[in-house]
Structures are given as C-alpha cells and as structure tokens.
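Keep the model open while reading.

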Amino acid sequence: MNPIIRVTLVSIFVCGAACSEAPRPSESEIDSGIDSLNASLVAAYRDSDPRSYAGLFTDSAVFEWPAFNTVRGRAEIETMARNNWAALDDQQLRLNVSSRRLAPEHAIEFGAFEQSWSDSSGVRMTEFGRYVVLLLRQEDDRWLMDRFFGFADSTRAASPTP
C-alpha cells in the first residue's frame with residue numbers, strides 16, 4: 001500500500017474515532033444526577049435501609065469517619081450502617097451542599113449535614129457535621145460515592161432537639 005494512502009486512511013480512522021466519542025454531559029445534567037444520588041441518600045436514612053445506603057457506593061468505596069473504623073466496599077458499608085442505625089428511630093438526614101467540583105466522569109462535593117433521630121428513650125437528637133465526597137459517574141450515567149469523609153462539626157455539639 002502506498003505510504004500516502006496509508007497515512008490518509010489512518011488519519012480518516014483517527015478523525016472518525018474522535019468524532020464518534022459520546023457527548024459529554026452538561027453541568028446541569030451532572031448536577032441533576034448528583035442531586036438524584038443525594039435524594040436517594042436521604043431516603044435510605046429516612047427508611048433506615050442499610051442495603052439501599054450501601055448501593056449508593058461503588059464496589060471499592062471507602063467510608064471514613066473519625067469516630068468509626070474506616071470501612072471499604074459495599075458489604076462493610078452496609079454492615080456499618082446496619083449496626084449504627086439499629087438504635088436510631090425516625091432517622092432524618094438533611095444535606096446542605098456548599099460546592100461541587102465537576103468533571104464529566106467524576107465530581108467532588110463539599111457540604112454540611114444535619115442528622116436527627118430519636119434514641120431508645122424517645123429523646124430527639126441532632127448531630128451536625130461536614131463532609132467531602134468523591135463521586136464517580138457509572139456507565140449507565142448514575143452517580144455513586146467512591147470515597148466519603150465526614151466529621152462532626154466542632155462548632156455545634158450533638159444535642160437533644162427541643
């Protein structure tokens with residue numbers, strides 16, 4: 001094959017491959033997908049559903065919280081949630097997203113949360129905290145948490161809710 005024809009064919013192939021790349025999601029599509037993940041997270045807390053909660057993480061996810069041992073993977077995350085939620089009734093979670101750093105395949109979210117529950121004696125408790133989470137977009141366009149780091153807000157102590 002003539003070298004000029006070979007270079008031309010390779011160039012056409014490379015251009016064709018580059019043009020066939022899937023369109024990148026828009027910022028509003030990314031935000032919408034992450035907002036959907038957060039709504040599922042709030043629902044898992046409300047329903048006290050450790051399996052649904054763990055399903056919001058990747059298979060290789062890492063969950064870090066200073067008060068707990070670091071856990072890895074869905075099975076450990078599910079077990080951690082089941083053990084920690086066992087004594088909590090009427091659990092609620094509110095998220096306050098402060099910022100996101102977006103890319104087509106991953107995002108980082110920073111925010112604060114408020115978790116409230118009734119303890120075994122019926123006293124309503126509230127814990128305030130901060131978090132950062134690394135999110136990964138899956139092939140089906142869902143977003144999952146891959147790395148979560150949270151901590152209690154040092155400026156607000158967990159306290160009974162009036």
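The dialogue below goes from the overall fold to single residues.

Q: What should I know about the model before reading values?
A: This is a predicted model: local features need pLDDT of at least 70, side-chain atom pairs count only at pLDDT 80 or more, and totals for chains, interfaces and linings use all residues. Residues are numbered from 1 along each chain as its sequence is written, and side-chain values use heavy atoms, leaving out hydrogens and water.

Q: How many helices and strands does the protein chain have?
A: Helices (H or I, at least four residues) and strands (E, at least two) are DSSP runs, numbered from the N terminus. The protein chain has 4 helices and 7 strands. Along the sequence the pattern reads α-α-α-β-β-α-β-β-β-β-β.

Q: What share of the protein chain counts as buried?
A: Buried means under 20% relative accessible area, exposed over 50%, and partly exposed in between (1.4 Å probe, protein chains only). Of the 162 residues, 36% count as buried. For areas, the Shrake-Rupley method is used with a 1.4 Å probe, and for residues only the protein chains shown count as cover. The protein chain exposes about 9,900 Å², with carbon and sulfur atoms supplying 55% of it.

Q: What do contacts say about sequence range?
A: Contact means heavy atoms within 4.5 Å. Among contacts between residues at least 6 apart in sequence, 55% join residues at least 24 apart.

Q: How do I read the strand pairing of S6?
A: Two strands pair if DSSP finds at least two bridges between them. Strand S6 (residues 143-152) runs parallel to strand S1 (residues 57-64), joined by 4 bridges. Strand S5 (residues 124-137) pairs with S6 in the antiparallel sense over 9 bridges. Arg137 has Trp143 in S6 as its bridge partner.

Q: What lies between S5 and S6?
A: The two strands form a hairpin with 5 residues between them. Asp141 in the turn has a positive phi of about 75°, although Asp141 is not a glycine. Its relative accessible area is 47%, so Asp141 is partly exposed.

Q: Where is Ser48, and what is its phi?
A: Ser48 lies in the loop between H2 and H3. Its phi is positive, about 45°, although Ser48 is not a glycine. Ser48 is partly exposed at 31% relative accessible area.

Q: How do I check the length of helix H4, and which of its residues are buried?
A: The expected span of a helix is 1.5 Å times one less than its number of residues. H4 (residues 73-85) has 13 residues and reaches 18 Å from its first C-alpha to its last, close to the 18 Å expected. Gly73, Ile77, Glu78, Met80, Ala81 and Trp85 are buried in H4. Their cover includes helix H2 (27-46), helix H3 (50-54), S1, strand S2 (71-72) and strand S3 (89-102).

Q: How many aromatic pairs are there?
A: Rings of Phe, Tyr and Trp (its six-membered ring) pair if their centres lie within 6.5 Å; planes under 30 degrees apart count as stacked, over 60 as edge-to-face and the rest as tilted. The count comes to 8 aromatic pairs. Phe63 and Phe148 are stacked, at 4.9 Å centre to centre and 10° between the planes. Phe63 lies in S1 and Phe148 in S6, so the pair ties together parts that are 85 residues apart in sequence. Both Phe63 and Phe148 are buried. Phe149 and Phe151 form a tilted pair, 5.8 Å centre to centre with 40° between the planes.

Q: Which residues form a ring cluster?
A: Ring pairs link Tyr45, Tyr53, Phe57 and Trp85.
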